Structures are given as C-alpha cells and as structure tokens.
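Me: I'd like to go through this one slowly and ask how we know what we say about it. Can you show it to me?

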Amino acid sequence: MDFWSRLIAGTSLDKSAANTTHLPEKRLARFKKEYSELLQEWRNASNLANDYEAAEDIRCSIQDLTNFLSDESRRPLPHPCIAFAASKQIYIPIGKIATTSYNEGIIREAVALYATLIDSEEEDFVENETFSKSLMNLLVRITGANSIRLCSDTEVEVVELSFNITTKIRLDPEILPAWFTAREHEESEGGQDAHEKFTGKTHKEDFPLFYLLIDYIHHEGRIGDFARTGLLYIIEAASNSVALEQWIVESDLATLMATGLGALYSQLSRKLVIDHPSDELPPILALSDYQHPITNYEIVSSSSPDFQAHMETFLSHLVFWQDVLNHCKSVEVKSTLLEHFQVIFLQQLLYPSLLESSDVDGGSSVAVLTYLRRILEALDHPDMIHLILHYLLALPDTTPAPTGSRASVSAARKRKSMDLATMMQGFQVEDATTPALFNLVDLIQGSLRSTSEQTISVTLQLVSVILRRHHRYAVTTLLWTSQIFSDGSLRTIGAHDLEMEFLLGLAGRIGGEDNFDEVYDNHVKDCMGILESHPCSITLVAPKSAGGTTKFAGSLASIPGAPRDIRSHTLRPEDPMLKTLLGILASFFTNSIETNLSLTGVIVDLASCGFMRIDGWLLPNPTEYVYGEDEAEAEDPYFMCLGDPIDVQERAQIRELKRARRTPKWDENKIPVLLKQLKKLVDQVSAYRAEIPRFDELLQQRREAFQAATSATSTPIPIRQAPPPRSSFESSSRSVSPPRISALDSLAQRIFPELSTPSRSHSPRGRRSQERSSGGGLSGGYGLSTPTTSRAVVPPPQFPMGLETPSRGSSRAFSPSPLRDAETTLRKHGVTASQAAAFAAVDQSILARKVGLPDFKGEINPIPFPNLRPGDNGNGKEESNVVAEDGSLQGEVEGNVEGGVEEEKKVSVNHVLTNVIVLQEFLLEVAALVQVRAGLFGEVRYV
C-alpha cells in the first residue's frame, strides 16, 4: 500500500532525500560536505588550466553550492547554509579558485554564486567590506588584460552583477562605504607627471566598481545598457556623498567619456554622400532626375549599413552624455563633464573637422554638416546645446558666477581644470584658427553658395534644425533681425483675406484635380502642430499662471551666458540668409528635389516661431497699407457724437469694424521680395504650360502616380465630410470623387514602369511625407487646358481621332471630375491598343526632353511633338530643329553655344513636373501657416 500511495502522490520512496532538502540540519550538513569536497579538490589540483577533469569537478561543486543557496533562499526560515556562507566567508576561497583557474566555466559559476548571495538579501553581504573586496578582486582579475578572453554571455553576467550592486547603492546610500573608499594620495602622487595625475591612475583602487562599468559603456546590447545605467546610478549617488563627488571630479571619468566620444566621432567617414538604397528610393526622387552618387573606398554612402551602424553607436554615446547630465545632481561634476566635452570634443575634434571641410575633395562638407545636424537633433540637454552653439557661433563669453559654499569640491574642480589645461597645451597649434575668425555662420553662408547640390541641401537641413529647435541662438547670428519693442500695428481682417486670396490663388493657378478641401485641412492641422510644439512659441500658447507669467524649468541652459529670453522680432530686408534663400528659390525648377524640400522647410521653420513677425518679409507691412478713395468713408464727426451714448458707442464700433474689413491695395514696390519670387515661379509654370505639350495631362498623371505609390505603402487619409470654406480656392460646381487606385496604378505603370511597385512614399528628409511626396497633398488640379466637362484622354496631334481638343482660354475653370479610368476612356473613344502604346511613347518622349528656366524677355518657342511617322520628314525648315538623344533641341541652340553664350542648366520635363507639385504644396503650406498664426498668436485685428 505504501508503494501505491506514493506512486499516486508522485513522491519518491527515498525518505532520506526528501528529508535532506526539507530539514535545515541535514541541508546544512550536505552543504558543508560539498564545500569540504570543493576545498579538497582544489588543494589536490596542481594546474586547473590543464587538468580538465579536476576543473570540471570543481565547477560542478560550485554549481551545487549555488543551487543549495538559491533553493534555500526560496524556503522559509531558518537559512543555515546562507548563515554558514557568511560566517565562514566561503566566497573568499571560491573567489581565489576562480581567479587562478583561468577556466571560464569555473569563473561563470563563481560569479553566479556571488550573485546568489547578493540576491538573498541576508547577512548583509552587500554591506560587508570583506565581501566587496573579494568580489571586486574577482571581477577586476577576470576582466583585466592578463585574464582569459570571456565569451559575451559571461561578460553580460559580470556587468549585470555590477549593475545589481549599483541598484542597491542607489536604493540604500549607506552601503556605499563598503564599495568606495576615499584615500589620501598626496604622497604617492609626488613622483608622477601631470599626465598620470590627470588620467586618474592612482584612484582606481578607491572605487574599482566604477572603473569596471566605465570599461563597458561603449559596448552595444545588454552589456552596454547595464554598464551605462549602473554608471548613471553611481553618479546620481554623488549628490549624497561629498567624498564621492570630489572623487568623481578628480577621477578620469570626464576624460574617458570625452575621449571615447571623440574616438567614435573619428570612426565616422570623412567623406560622405547622401544616397538611398535602390529598392527603397522614394517615389518623389524616382520621378525626377535623381542619380545615385558615386562612392568608393574613400567616399561612403549614407545608406551603407556599416556607416549607419557607426552613426548609431556615436549618437547612442552622445545620448549617454545627456543622460549623465540629467541624472547628475552635483553642479561640480556637471561642470567638469561639460568642460571636458568642450575642450576635448568640441575644440579638438568637431570644430577642426568643420574648418577643414571642403567641396573640392568630394564630400567632406556634406559629411561634417550632416554630423552636426544629427548631433543637434539627438541632443535635448540645454547645457550641451549651449556649449556647442555658443562655441561654434562664436558668441561672447561671460564670467561664470562663483560656486561659493563647498570649498573642497571647488578646489578639486580647480585642480582638474588646471590639469586639463596643462594636458591640452601639448595639442595647441601656434596659428590655430578659432571660431572668432571663422565660425559656423561663415561655413553655412559659404556652403549655401556651393556648386554642389548635396552641400546646399544638407546645409539647408542644418539651418532648419537650428531654426526649429534652437531659434534663440539664430536670432543674433544666422539672421539679421530687428527687435520690436511694442505690439505695433496688426494686420486687419481685410488685409488678411487679401493675403490668403493671393496665396491660394497662386496655388490655384498651378492647376490640378482633387479634393483640395481635404488637402488644405491637412496642411492646417500640420501647421497647428508645428506652431504649438515650437520651443519659442510654447510660452505664447501655454495657459498663464495666477501671476500672469509661465515659466518652464529645464528649458534654459544653466551655464552663464546662455540666451535667456527671446522677444518679438522680424527679419531685416538686407538679411544675408534671406537673400541667399531667395537666390536658391529663383532656380526652383532646375534645383534638385532634395534641395527644394530642404529650402521650403527652412522657410516654413523661419516663420514658425511665435516671436518672429512675418510682416515685412513674408507678408506686406501693415504700416504701409494703401486704401482706395472709394473706401475712405467720410462721416461727420458732429453727427457721430449725437444721440444716446450707447448708440454713439455702437456706431463707433460699427465704423471700426467696417474700417478693418477694407481691402488694401498693394503697391508693387512694397510687396515683399519673397511673395514676388513665388509669383514669378507660378508665372514660370504658366510658361511651361505653353511650352510643353500635354502639360496638364502629364501633371495630373504625376499626381496620380504619387497617390498610387502612397496607396500601395500606407493607409490613405480619410476624407473629411465637412471641410471649412476658403476664399479663392473654391468652386461651386466642384464635386468630390473617391480615389480610383486601379486607374492610378495603370497610369503610373504605363508612364513609369520602373515604379510599378513603389516601396516608400516619404521625402528624403522625412518632412511631412504625405504632403510632400504623395497622398492628399500631391494630387489636385486646375488648368488652362482642363475642360469644364468630364475630362477625356487628349491624343497628340499626330493621332487625330475626331476628338474635340479643348482650347486654351484666358479663364481657368476648375474641373468637376477627376481623370476617368484610362482603359474605359480609351475604349469609349475607340482607341486601339497600338494607339495607346503610341500615346505612351509620345508621353515618354516629352518627359525626357530637356528644358531650362523660362525666359520672359523673348518669345517662348514651344517644344514640337516628335514625328513618329517614318518617311515623313516635311520640308527643310523643319529639319533645322533636330531632337538630340537627350531630348533637347539642336539647331539655333548650338549656334548660341558656339557663339560664346554660357549654356544654362537644363533638366528633364519629368523633373520639372515633380518640382511643380512641390511648389504647389509649399504654397498651400504657407497659406495654412499664415492662417494658423493669425488665430493662434492673434496677429489679425477685427476693429
């Protein structure tokens, strides 16, 4: 019966084994026996590195001891094995066995035994100095240069054990003295030179746990995460210990962190080109003249996996710097870290790389400007941002305020600063250039005048980051601004309506067929998010406190000399940055797509600050409004004062309302240059429309190609049911039609077969992809050649089919319906498959033609259709204009080139169409920005 009852219960017949594990006395006896056997095997083994059997027996014995301790810690009290381990200090011989064995299996089991003792939280192992010395001796020996090479799993366990110790120090600062001891080193330091004292070689025995973690902070994965987090906990504990704070200031923590960051920066490629993988090329670049840049062993592509890995490693260490400063509550430690960051990284590495960059050597300017942009994007700590921009922009220095109260720590920091200055004297060059002679503003201005499109693009992206994230540093450096000391005169609602009508009218002249209510509504919501999240505008939109002011802690740098407040200001007309942007904008249609996306981003970011008044440089100045004589209401002042006081007040209010609704007249000489340039670009679109055959049809196909690419890779934005009305961008006969993806795919694949399966729809710099590259923002249409009835496929004149060709009139009618399904329309009009193929060939030949910027001085010669009928050459006059292989016209043009006229830059019609869509999106975005600013910042008055 005893056998069957035990079989059903699932227990063993061996009563002694069960009693051994459950009874504390027998468990302790087995533990002592196992420990004695371990010591006996160790004494009998002569060389564990060569005796594999003895090493395996010792490893198994340590593992059994660890299992006993781990099992007992989960059982109810008493715990005699853990008490025996504490009283007999069994960890000391086990640590010696592990350090002398040179066997990774034994080392790993010893580390596990120490971790089990710490996790038991009994007998005060963590507070025991003997335990801490034994453990740190083991960890230092097995991770030192003379030890065996540990595998990654063992290293992770070692660093995780160190991290667990720092966690307990963080929770209970009273156990810190067991792991850290501040000793006097004055006698021993007398025989050392300045470099040895600077690197902190005499302090490692004071806090070995600290240096163990420092050795692993540059690693990736779990081991690096454990090391960095553990080091953060130790630095955070320095606020509770003056001795530890002084020790960290005098240690080489700041030196190791700064030199490590510099080493990672030096690993980045000196020359770089911005590129995208062929299978992930954004459609907005694929539908242009984009070409993959040339790379070699010296010039690295930004899409290279190796480069991206090095960049992520560098940025992760930079973020670790930021985390250290955020967790550090000691002002002295913070100041020491920032001082080393400036002297070692900024002055010795970052600034010289900016100074030595050039476009001539094939991409060094692109590299350093990209690195600086990524640094400014990754950092949020105000002190680090201040150090970088203050030094690179050559802002004036100020004398730091004395710290005062803590003399010993301040003296230690002073000694450390002197050691740093002494060490840096060996690296100084007599004629070294400083930012006072050549700063970041000079580099940006020079790069924007470069002949390299990539240099201009990455420079604009850097300017955009500075304006968007650190606008207060750009007010007196990058930009020439005038401070506005009073509220000044606000725009009237009548002037605002005129400005909105002008901007939306420019977008409407470009043409398109789509639901522009949804498109514009998306731009408004996007601009609302941009303005509300701007660091300068947050004080304007945040709710006020009871005292009428709102302060945001941590948003300003704590270093003296940092910009404190930003006040209302505006751009001066002679601002060099504005003139440079206008120069780039003048060649908008021949610029690269990336340059135009970066350019429009800079202009939007320039107008996104709530303290930046857009009157005068983006919109007309309200002080210069001119009204017509018919709108000047002459009223008798005597009559206005008659009657009841309430009626008098009401009449005065009505008069002010009417005055505010008056529409001013724009003087051509007082319109901002930026608006004139935008109008000129739209005029150039009209010139292209007259010059390029089937311009409206090709432009609409381009929009739908972007829409098809977006539909294949992302979820389309739902159409809003009740969009708000707008002034001059509406049509009462307009109807909204749902998108037809099949027709779009058909057209996109027919015209651009290489994009039959698009992979990405976002823009190269990731700026509002659905607005820039596709989706609701890139499809739409107005047009000169758009009929007011259902739009049909218009064949080229070489293929007359009896279809009525819409005439180009002076008025622009908005098409009430989008493009019909291509196959259905062709079948409806009796177009055969061969004729459809001929249509596609004509479109391809038009898209491949090379065109330059329109010349308004002379008559524009339209591009002739290619003669696709063999044998029909026509007369001799037509043969004088021959189409070259690149699609450009030969004949008279060649004569001009031979006569010494410099050949202008030309791009394909395919490239121009994409830039036209980017321009229309930019106009809509500017209009939305003006409208949102008017409501959010109260820039429009109604009375």
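Reply: A salt bridge is a side-chain nitrogen of Lys or Arg within 4 Å of a carboxyl oxygen of Asp or Glu. By this rule the count comes to 25 salt bridges. Keep in mind that this is a predicted model, where local features need pLDDT of at least 70 and side-chain atom pairs count only at pLDDT 80 or more, while totals for chains, interfaces and linings use all residues. Residues are numbered from 1 along each chain as its sequence is written, and side-chain values use heavy atoms, with hydrogens and water left out.

Me: What makes arginine 374 and glutamate 312 a salt bridge?

Reply: Their closest N and O atoms are 3.6 Å apart, and the rule asks for within 4 Å, so the pair qualifies. Arginine 374 lies in helix α19 (residues 364-378) and glutamate 312 in helix α17 (residues 305-327), so the pair ties together parts that are 62 residues apart in sequence.

Me: Why is arginine 374 called partly exposed?

Reply: Buried means under 20% relative accessible area, exposed over 50%, and partly exposed in between (1.4 Å probe, protein chains only). Arginine 374 has 23%, so it's partly exposed.

Me: How do you know whether glutamate 499 is buried or exposed?

Reply: Its relative accessible area is 1%, so it counts as buried. Glutamate 499 also forms a salt bridge with arginine 491, with the closest N and O atoms 3.0 Å apart. Arginine 491 is at 0%, so that residue is buried too.

Me: Which residues are linked with them in a network of salt bridges?

Reply: Arg491 and Glu499 are linked in a network with Arg613, Asp615, Arg933 and Glu939.

Technical notes: Helices (H or I, at least four residues) and strands (E, at least two) are DSSP runs, numbered from the N terminus.
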